[in-house]
Amino acid sequence: MTRAPQGEKNSRRGFDEKAYLSSKVLKAGEDPYRQHAFNQLESDKLSSDRPIRDTRHYRCTSVRYDTDLPATSLIITFHNEARSTLLRTVKSVLNRTPPSLIQEIILVDDFSSDPEDCQLLTKIPKVKCLRNTRREGLIRSRVRGAEVATADVLTFLDSHCEVNSEWLQPMLQRVKEDYTRVVSPIIDVISLDNFAYLAASADLRGGFDWSLHFKWEQIPIEQKMSRTDPTQSIRTPVIAGGIFVIDKSWFNHLGKYDTQMDIWGGENFELSFRVWMCGGSLEIVPCSRVGHVFRKRHPYDFPEGNALTYIKNTKRTAEVWMDEYKQYYYEARPSAIGKSFGSVADRVEQRRKLNCKSFQWYLENVYPELKIPEKELIPGVIKQGGNCLESRAQDTTGNTLAGMGNCKGTVNNPPVTQEWVFSDPLIRQQDKCLSITSFSTGSQITLEACNQKDGRQ
Ligand SMILES: [Mn+2]
C-alpha cells in the first residue's frame, strides 16, 4: 500500500483559492468600477468567508424549522462576474447552510470571457459548472440550470450575493408546507462602493407601475397594522426576481420561463403574474436574509441594446398576461408600440392549458393598490332645452344644491357653475360631485366631496 503524496493530492482535488483570485486582480490605476459596475478593489480586499451581521428580527432566532426539510439545487447564473464576488457568494452558501440542505450548486456560466472563472470552482465540493457556448442571457441560463438540477426544490441566486444566518430554512419550510408558494428572502444591501453589508427594511414588498418598472413599496397600511408576528411571511404582488425558491415540479408545471426573453429584465413580472394567476402565491419570508450588490448600471452589453431588450421582454409579458389592461402598459410605454417581440403563441397556449385566472382577477385580489390611470377628462355642460345643470350658492344649512337654470356663456365656455366633468361613475364640478341626499323620489341633489364608494353619488 502506498499513500499518495499529500501535496499532489491537494493540487489534484483541492481548490486553490489564492491562485484563483490572484490571477484576476486589478491593474494599477485601473478604474475599479469599469468591469463590474461595483468597486472590485473593495471586493477583492475582503475574505471569501468574511463575517456579516445577522440582520434578522431577533424573534427569528427562536423559530424552529422541520428537521426533514427538502434539499435544494442552487442555480447561480453569471456573465463575467468578479471572481472574488462570485467565490464569496458560493462560500457564504456553503458556510451558512446545513450541508444536508444543499444537493448541489449549479453555476451557469453564460459565455464569460474566461471559462476558468467557473471551471476552477468545481474543485469545491458540490459545485458544478455549465457553460453556454454563446450568450443566452439570464432566462435561458436559468432554465438550463433547472433542467439538470437533481433536487426537488430549486433556489435561484444572483452571483454577487452573501447569504445570512439560517437563510434557507425559513424559505424551504414555506415551500414544503405548500409547494405552490414561491418565496423570496428580504434582500439586504451590499454597498457597491465599499461592500458594507446593510440591513434592508422589513416592511417592503415588490410592486410596479404600468410601464412594468419594478419598485420596492411599503406594504399597505391595513396589512402592516394587522401584522403582529414579525416572522410572518409578506404576500407580494411581484418578486424582484434575482433570489427565490420554487418547487421544481411546480416550476415545470407552470412552464419554467419564457425562453424567448433575452439577457435580462421583465422575466420577474412574467413569472409573478403566472404564479398568482395560475393558482400559486408569492411571498417574502422576513426571517430569510440575503445580501445583494445593487448596481446603478448593467456592466455587460445587451446585443440588441438595453432598452430594446427590456421592451421586448415586458411586451411579451403584457401580450400574454395582461388582457385588455395591456393598453395601460402601452400608454405608459409608448415606445413599445410597434416593436417586434416574436411569437407568444405557445405562451398563450400554456396559459390556456393551465386555466389561469384573468389579469382583472389579479388586480382585484393581489394588487388592488395599482390604480387604473384616469382618462383625460373633458368638461362640458349638461343641457335640457335651454336650461343647464348648475350648482347654486350654499343654502342656510350649508348644503350646495344643484338645479336647472338658464344656460349662460357659450357651450365651449360656460361659467364654472355650469361646467361638469363625467368621471365614471361620478359627475364632478372641481372636487365636488353630484349626490342625492336620500334614496327616495324627490330627493334633493347636492354637491358633496367626491367619494367613489358613496352610492349616493
Ligand atoms: Mn444582481
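Aspartate 158 and histidine 160 are both buried, where buried means under 20% relative accessible area, exposed means over 50%, and partly exposed lies in between (1.4 Å probe, protein chains only).

The model is predicted, so that local features need pLDDT of at least 70 and side-chain atom pairs count only at pLDDT 80 or more, whereas totals for chains, interfaces and linings use all residues. Residues are numbered from 1 along each chain as its sequence is written, and side-chain values use heavy atoms, with hydrogens and water left out.

Aspartate 49 is placed in the loop between α3 (40-45) and β1 (72-78). Helices (H or I, at least four residues) and strands (E, at least two) are DSSP runs, numbered from the N terminus. With a relative accessible area of 45%, aspartate 49 is partly exposed.Helix α10 (residues 267-277) is largely enclosed by the rest of the structure, because 11 of its 11 residues are buried. These buried residues of α10 are Glu267, Asn268, Phe269, Glu270, Leu271, Ser272, Phe273, Arg274, Val275, Trp276 and Met277. Just after α10, glycine 279 adopts a positive phi of about 105°.

Helix α10 packs with α11, and the axes of α10 and α11 come within 9 Å and cross at roughly 15°. Axes are lines fitted to C-alpha atoms, for helices over the stretch in contact, and angles run from 0 to 180 degrees between N-to-C directions. The helices α10 and α11 are therefore roughly parallel to each other; angles under 35 degrees count as roughly parallel, over 145 as roughly antiparallel, 65 to 115 as roughly perpendicular and the rest as oblique. The crossing of α10 and α11 is left-handed, a term used if the near helix is turned anticlockwise from the far one by less than a right angle, with right-handed used if clockwise. In this contact, Phe269, Glu270, Phe273, Arg274 and Met277 of α10 meet Tyr310, Thr317 and Trp321 of α11. The residues of the contact of α10 with α11 comprise 5 nonpolar, 1 polar and 2 charged. Contact means heavy atoms within 4.5 Å. For the residue classes, Ala, Val, Leu, Ile, Met, Phe, Trp, Tyr, Cys and Pro count as nonpolar, Asp, Glu, Lys and Arg as charged, and the others, Gly among them, as polar.

Helix α11 (residues 306-321) also meets helix α13 (residues 345-353), and the axes of α11 and α13 come within 9 Å and cross at roughly 40°. That angle makes α11 oblique to α13. The crossing of α11 and α13 is right-handed. On the α11 side the contact involves Arg316, Val320 and Trp321, and on the α13 side Arg347, Val348 and Arg351. The residues of the contact of α11 with α13 divide into 3 nonpolar, no polar and 3 charged.

The loop between α9 (248-253) and α10 contains tyrosine 257. Tyrosine 257 counts as buried, at 3% relative accessibility. Leaving aside neighbours within four places in sequence, tyrosine 257 is in contact with Ile139, Arg142, Val143, Phe244, Phe251, Glu267, Leu271, Arg274 and Arg347. For tyrosine 257 and arginine 274, which are 17 residues apart along the chain, the C-alpha atoms are separated by 9.7 Å. Isoleucine 263 is also placed in the loop between α9 and α10. Although isoleucine 263 is not a glycine, its phi is positive, at about 50°. Isoleucine 263 is buried, with a relative accessible area of 5%.

A positive phi is likewise found at leucine 212, a residue other than glycine, with a value near 60°. Leucine 212 belongs to the loop between β8 (204-208) and β9 (214-218). The relative accessible area of leucine 212 is 0%, and leucine 212 is buried.

Serine 423 is located in strand β16 (residues 421-423). Serine 423 is buried, at a relative accessible area of 10%. Not counting residues up to four places away in sequence, serine 423 touches Leu377 and Arg428.
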